[in-house]
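Colleague: I am new to this structure and would like to go through it by question and answer. Please show it to me before we start.

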Amino acid sequence: MTAAKTPRKTTAAKKAEAATEDQPTVFEHNGVEYTIPAPLDLPVGLLEVDDEVEAIKLILGVQWEAYKATGATIRDFQAFAEKVSEAAGFGDSGN
């Protein structure tokens, strides 16, 4: 039995993917729109953070205050953290 070949990406496809990775991601949560920088534009301080809340605060920057002003709860934070992690290119936040 032979293994299936993985299709190769064309140069144009690679450039399109790279351009997407260099763009901020916008998502909505509870009626508020948030903009997350492209992965390589995230604050370098993330490399020093072990705490999920601190990481989310760094990723959001000034938007953190807007999130708290929505009346967010700890239950809501779990869903929000998932969205932020995905938008930042991290996939599952680990909760």
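Modeller: The model is predicted. We can start with Gly-89, which has 55% relative accessibility and counts as exposed.

Colleague: Where does Gly-89 lie?

Modeller: Exposed means over 50% relative accessible area, and Gly-89, at 55%, counts as exposed. As for its place in the chain, Gly-89 lies in the segment after H4.

Colleague: How many Å apart in space are Gly-89 and Ile-36, C-alpha to C-alpha?

Modeller: In sequence, Gly-89 and Ile-36 are 53 residues apart. Ile-36 is in contact with Ala-87 and Ala-88, among others. From C-alpha to C-alpha, Gly-89 and Ile-36 are apart in space by 9.6 Å.

Colleague: How many helices and strands does the protein have, and what pattern do they follow along the sequence?

Modeller: The protein has 4 helices and 2 strands. Read along the sequence, the pattern is α-β-β-α-α-α.

Colleague: Is Phe-27 buried or exposed?

Modeller: Phe-27 lies in strand E1. Leaving aside neighbours within four places in sequence, Phe-27 is in contact with residues including Val-32, Ile-36, Phe-80 and Val-84. Under 20% relative accessible area counts as buried. Phe-27 has 12% relative accessibility, so Phe-27 is buried.

Colleague: How many Å apart in space are Phe-27 and Glu-86, C-alpha to C-alpha?

Modeller: Phe-27 and Glu-86 are 59 residues apart in sequence. Lys-83, Val-84 and Ala-87 are among the contacts of Phe-27. The C-alpha to C-alpha separation of Phe-27 and Glu-86 is 9.9 Å.

Colleague: Is H2 parallel, perpendicular or oblique to H4?

Modeller: Two packed helices are described by the angle between their axes and the distance between the axes. The axes of helix H2 (residues 52–60) and helix H4 (residues 74–87) come within 11 Å and cross at roughly 55 degrees. This angle makes the arrangement of H2 to H4 oblique.

Colleague: What classes of residue make up the contact of H2 with H4?

Modeller: H2 passes H4 in a left-handed crossing. H2 contributes Glu-52, Val-53, Ile-56, Ile-59 and Leu-60 to the contact, and H4 contributes Phe-77, Phe-80, Ala-81 and Val-84. By class, the residues are 8 nonpolar, no polar and 1 charged.

Colleague: Is Gln-63 buried or exposed?

Modeller: Gln-63 is found in helix H3 (residues 63–68). Leaving aside neighbours within four places in sequence, Gln-63 is in contact with Glu-33, Tyr-34 and Thr-35. The cut-off for buried is under 20%. Gln-63 has 18% relative accessibility, so Gln-63 counts as buried.

Colleague: Which residue other than glycine has a positive phi, near 50 degrees?

Modeller: Most residues other than glycine have a negative phi. The residue in question lies in the loop between strand E1 (25–29) and E2, and with 55% relative accessibility this residue counts as exposed. The residue with phi near 50 degrees is Asn-30.

Colleague: What percentage of the residues of the protein count as buried?

Modeller: Among contacts between residues at least 6 apart in sequence, 46% join residues at least 24 apart. Of the 95 residues of the protein, the part that counts as buried is 23%.

Conventions. Residues are numbered from 1 along each chain as its sequence is written. This is a predicted model: local features need pLDDT of at least 70, side-chain atom pairs count only at pLDDT 80 or more; totals for chains, interfaces and linings use all residues. Side-chain values use heavy atoms; hydrogens and water are left out. Buried means under 20% relative accessible area, exposed over 50%, partly exposed in between (1.4 Å probe, protein chains only). Contact means heavy atoms within 4.5 Å. Axes are lines fitted to C-alpha atoms, for helices over the stretch in contact, and angles run from 0 to 180 degrees between N-to-C directions. Angles under 35 degrees count as roughly parallel, over 145 as roughly antiparallel, 65 to 115 as roughly perpendicular and the rest as oblique. A crossing is left-handed if the near helix is turned anticlockwise from the far one by less than a right angle, and right-handed if clockwise. Ala, Val, Leu, Ile, Met, Phe, Trp, Tyr, Cys and Pro count as nonpolar, Asp, Glu, Lys and Arg as charged, and the others, Gly among them, as polar.
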